[in-house]
Amino acid sequence: MQQLTIARQQPLVLASVFLWLGFLGTISFMEAWLKFRAPGITLELGLGIGRLVFNALNKVEWVLLLSILGGLLYYKQTVIQRQLIFLVIPCLLLLLQTLWLLPALDHRAEMAILKQSLPPSNLHFYYVVMEIIKAACLFSYGKSLFKIRAISEATI
């Protein structure tokens, strides 16, 4: 008979990956649309809250990414090449969001708050797609940090 055990590797990296995933889930996939359902929340107020929350989320994501990279350096752990893509993609998407997408969305929100007319845009769609890809990659990378080993009864 065999027993399965899970060996944890890189606890700082593991915690940071799943914290990042948790932030994505709660902010991007819940708070973003729920705030507009609250009584008394106007479009302008919801957009103002969204600007604050998503700028804060972006800063937290950078802290968690640096924590992951710092943890990898501290534990002197090499990343297996097939795992690397699941870490590189969220890094690149975060960079793209920070330098281009969030400033563009922030500008649109500011214009909407000032009640200026805006042409249709796919920016929110791009953001949602990027968040889904980031979440899937982070989950895959976090899952790869668990090592499942079969231990035979003889060694127990």
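A salt bridge here is a side-chain nitrogen of Lys or Arg within 4 Å of a carboxyl oxygen of Asp or Glu. Lysine 35 and glutamate 31 form one, with their closest N and O atoms 3.4 Å apart. Both lysine 35 and glutamate 31 are buried, where buried means under 20% relative accessible area, exposed means over 50%, and partly exposed lies in between (1.4 Å probe, protein chains only).

The model is predicted: local features need pLDDT of at least 70, side-chain atom pairs count only at pLDDT 80 or more, and totals for chains, interfaces and linings use all residues. Residues are numbered from 1 along each chain as its sequence is written, and side-chain values use heavy atoms, with hydrogens and water left out.

Start with the overall layout. The protein has 4 helices and 2 strands. Helices (H or I, at least four residues) and strands (E, at least two) are DSSP runs, numbered from the N terminus. Their order along the sequence is β-α-α-α-α-β. Of the 156 residues, 31% are buried.

Next comes helix packing. Two packed helices are described by the angle between their axes and the distance between the axes. Axes are lines fitted to C-alpha atoms, for helices over the stretch in contact, and angles run from 0 to 180 degrees between N-to-C directions. Helix H2 (residues 43-74) packs on H3 at about 165°, and the two axes are 10 Å apart. H2 is therefore roughly antiparallel to H3. Angles under 35 degrees count as roughly parallel, over 145 as roughly antiparallel, 65 to 115 as roughly perpendicular and the rest as oblique. The H2 and H3 crossing is left-handed: the near helix is turned anticlockwise from the far one by less than a right angle, whereas clockwise would be right-handed.

H3 also meets H4. Their axes come within 9 Å and cross at roughly 155°, so H3 and H4 are roughly antiparallel to each other. H3 passes H4 in a left-handed crossing. Leucine 84, in helix H3, is 53 residues from cysteine 137 in sequence, yet their C-alpha atoms are 10.0 Å apart in space. Leucine 84 is partly exposed, at 36% relative accessibility.

Now return to charge pairs. Side chains of opposite charge can pair when their charged atoms come close. The whole structure holds 6 salt bridges. In one of them, glutamate 44 pairs with lysine 115, the closest N and O atoms being 2.7 Å apart. Glutamate 44 lies in helix H2 and lysine 115 in the loop between H3 and H4, so this pair ties together parts that are 71 residues apart in sequence. Glutamate 44 is partly exposed, at 24% relative accessibility. Lysine 115 is exposed, at 64%. The phi of lysine 115 is near 60°, a positive value in a residue other than glycine.

A further salt bridge joins lysine 134 and glutamate 61, with closest N and O atoms 2.5 Å apart. Lysine 134 lies in helix H4 and glutamate 61 in helix H2, so the pair links parts 73 residues apart in sequence. Lysine 134 is buried at 0% relative accessibility. Glutamate 61 is buried at 1%. Salt bridges that share partners also join Arg51, Asp106 and Glu110 into one network.

Leu95, Leu96, Leu99, Trp100, Phe125, Tyr126, Val129 and Ile133 make a nonpolar surface patch of about 740 Å². Helix H3 (81-113) and helix H4 (123-144) each supply at least two of the patch residues. Patches are made of residues with over 30% relative accessible area and no salt bridge; like charges are joined within 9 Å, nonpolar side chains (Val, Leu, Ile, Met, Phe, Trp, Tyr) within 5 Å. Accessible areas come from the Shrake-Rupley method with a 1.4 Å probe; for residues, only the protein chains shown count as cover. Tyrosine 126 lies in helix H4 and is partly exposed, at 35% relative accessibility.
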